[in-house]
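Please read the following walk through the model with the structure open beside the text.

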Amino acid sequence: MDVFIQQVINALTLGGLYALIALGYTMVYGVIQLINFAHGEFFAAGGYIGVLLLGVMGGMGYMETHPWLCLSISLVLTMAYCAFLAMGVERIAYKPLRKQTRLAALISALGMSIFLSNGMMLARGPLDQPYPLQYSSGGFEFGLITINNLQIVIWVLTAVLLVGLNILVFKTRIGMAMRATAQDKVMSSLVAISANKIIALTFAIGAGLAAAAGIMVGLYYGSVRYDMGFVPGIKAFAAAVLGGIGNITGAMIGGFIIGTVEVFGAAYISGEYKDVFAFIILIAVLYFKPTGIMGENIDDTRV
Amino acid sequence: MTKKMIGGLVSGLIVLGLLVSNAPAKTLKIGMMGPLTGPYAADGNDIANGVRVAIDVINEAGGIPGFDSIELFPQDTACDPKQAVAAANNLINEEVIGVVGAYCSSSTIPASETLAEEDILMLTPASTNEKVTDRGLPYMFRVCGRDDDQAPAAVKFMKEALGAKTVFIIDDKTTYSQGLADGVNKSSQAMGLTVLAHEHVNQGDKDFSAVLTKVKAANPDILYMSLQNHSSGSLMAIQAKRMKLSSKILSQDAMFHPNFISVGKEAAEGVYVTFGFTDPSTPAYKKFADKFTAKHGKIGAYAIYAYDAATVLLNGIKNAGSVKPADVKAEIMKLEFQGASKAIKFNEKGDSGSSYIAFKIEGGEYKPYWHPTEGFYK
């Protein structure tokens, strides 16, 4: 039983990270029907900027005196940086292609992904970049179960970001504008909603969430590498499709499902096939329900 | 007419003279292959730099008679079997005499078969899988140790030095890591150490929480961590520490890298690794270390073996006075010397013996901890 609970804890942590990344895919798809394959790179960029910021603060000696403050500041700055990065990428690589076929933008996205990941390699080298701090000791223990402080940070932060996003999308005027743009760009522009601004904002929010996941992965696993965006990116994409691409709640649920299936597959069936389980579930769900789990009310809630 | 003839003759002579004086400089070409990019780039570049230092040392001692210079052709394998074969083909096109490499056993094995078709000598500084020298290739040599020596040494260490009764084995399914894990599994059974489980993960995985939870539940005395690369290893060590795993961790030569400690930090403390013993007090080591650190900085795990491999190759060519593979091989087999890494003498298979000892990471350094025949170091 202890082992089972521990695996649930592992699954929640991993699932939360997938959910944060999956939101970016689903939001962008909801608004412009583009699968942004460069999204995994925003996640990796978040991890990289986090290393730099925490390194600088550590160098100035603030890391020991105010670790939580440093962490919060770097989180906010990293999210902001990646939000601007995503807006830049959208402007350079996607906006000029908006009137072209969807395939053109998709290929542009793949190119951007390769460009960003190699850019990070050239900037910082091919080696793992160690995170300057590791909360490896703090945590709680109940029998065999351990909950690390960092896992709690991930849960809380994930929850705050997910709730915050829901409020933003469903309770504010900006959210209403986003939903309107997603439903009909022409109609929404007739009521004075600037589609360009809303699309840029969608990219920014998605990348900010991915950047938060990136910095948490760096802290939790202790290091980041230039190519770290690829596999989590693909899994988060699977999560978004599983939940019903375009649907925010669906992406959150999809992220947790993929995380859970992966952890329990590795724990109770076989560790070497853990990546396979996530995709088997994806195929199975799509076979019976091609729109994904939350895909049916796509017109009301998609962003 | 005669004027023209004389003119033609003179200009002909001038051209001839130019040809003679500009006879092409004779260059000895040797190759190097290893992962120069990607996750194992650190190890590949260590190997390339080790070879460069060996070339510098030979050049300072007067070079190789009959050649004006030695040129190195480094090739990137990215630790990928297909790219390793392509690298081998590139080196064949460059007409190299011998190759130092590769790093991953899964690259060395297919690349060596391509090189063998052209009778090119290959000396691996880092591939420890048995099959590398067990396939009867005439021009395959190995400067590092063998996994069928490393595995029993590791089991002996767990049993005798750490007093372990149970072990949990994890590997990441590469030729090297799984081969070694299977070896440890077999030796454990032969030597009376209980293997609680043998689990596999994927090369390049980041999250090991599921498998480590299983380890924790099984509560072995030792977690034997057989992974291809130190970056996976440091991730696993950190996550094990987070889970408050009480088992000791033993790993192998791939974790003998400064980056394992710089990423793993306090999680790397107390981890044991098996690696070849190098006596830092020999003049050969000191000479290598001075030259290497002056030019390339920190000495990575396999730089020293690459240095010795290149030294063997270059001395073989020098002593043979020819670049015929059979002659060079005959001279390499005659070599018996104290290298920078260890005493080197090749057997008929092309192996040069293993010298595995256990190291313990303490204070951010690999400290020699235990020797299979001499016991604990002080």
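In helix H8 of chain B, the buried residues are B:Ser209, B:Ala210, B:Val211, B:Leu212, B:Thr213, B:Lys214, B:Val215 and B:Lys216, where buried stands for under 20% relative accessible area, exposed for over 50%, and partly exposed for the range in between (1.4 Å probe, protein chains only). The helix is thus mostly covered, with 8 of its 10 residues buried; helices (H or I, at least four residues) and strands (E, at least two) are DSSP runs that are numbered from the N terminus. After H8(B) comes B:Asn219, with a positive phi near 45°.

This is a predicted model, in which local features need pLDDT of at least 70 and side-chain atom pairs count only at pLDDT 80 or more, whereas totals for chains, interfaces and linings use all residues. Residues are numbered from 1 along each chain as its sequence is written, chains are lettered from A and ligands numbered from 1 in the order in which they are written, and side-chain values use heavy atoms, with hydrogens and water left out.

The next topic is the interface between the two chains. Chain A brings 36 residues to the contact and chain B brings 31 residues, contact being defined by heavy atoms within 4.5 Å. The size of an interface is often given as the accessible area lost when the parts come together. Between chain B and chain A the buried area is about 3,100 Å², and carbon and sulfur atoms give 51% of it; buried area here is the accessible area (1.4 Å probe) that two parts lose on being put together, summed over both. On the side of chain B, the residues that lose the most area to chain A are B:Lys206, B:Arg242 and B:Lys244, which together make up 22% of what that side buries.

Between these chains there is a count of 1 salt bridge, a term that requires a side-chain nitrogen of Lys or Arg within 4 Å of a carboxyl oxygen of Asp or Glu. A salt bridge joins the side chains of A:Lys274 and B:Asp205, at 3.8 Å from N to O. Polar contacts between chain B and chain A number 11 residue pairs, both residues at pLDDT 80 or more; such a contact is a pair of N or O atoms within 3.5 Å, where within protein one must be able to donate a hydrogen and the other to accept it, and residues adjacent in sequence count only if both atoms are side-chain atoms. Two or more residues on the side of chain B that touches chain A come from each of helix H2 (41-60), strand E7 (194-200), helix H8 (209-218), helix H9 (230-242) and helix H10 (258-264) of chain B. By class, that side of chain B holds 9 nonpolar, 10 polar and 12 charged residues, with Ala, Val, Leu, Ile, Met, Phe, Trp, Tyr, Cys and Pro counted as nonpolar, Asp, Glu, Lys and Arg as charged, and the others, Gly among them, as polar.

Within chain B, the division is into domain 1 (27-146 + 280-355) and domain 2 (148-277 + 357-376), with bounds that come from an automatic or database domain assignment. The C-alpha centres of these two domains of chain B lie 28 Å apart, and 26 residues of domain 1 are in contact with 19 residues of domain 2. The area buried between the two domains of chain B is about 1,700 Å², with 46% from carbon and sulfur atoms. In domain 1 of chain B, B:Tyr40, B:Arg146 and B:Ser355 lose the most area to domain 2, together 27% of what that side buries. The side chains of B:Arg146 and B:Asp148 form a salt bridge at 2.8 Å, N to O.

B:Ile344 belongs to strand E12 (residues 343-344) of chain B, and it counts as buried because its relative accessibility is 1%. Leaving out residues up to four places away in sequence, B:Ile344 touches several residues, including B:Val143, B:Leu335 and B:Phe337.

Some backbone details remain. Most residues other than glycine have a negative phi, and most peptide bonds are trans. The peptide bond from B:Gly101 to B:Ala102 is cis, with omega near -10°, and B:Ala102 sits in the loop between strand E3 (98-100) and H4 of chain B. A:Ala192, which is not a glycine, has a positive phi of about 70° and is exposed, with a relative accessible area of 73%. B:Cys79 also has a positive phi, near 60°, but counts as buried at 10% relative accessibility.
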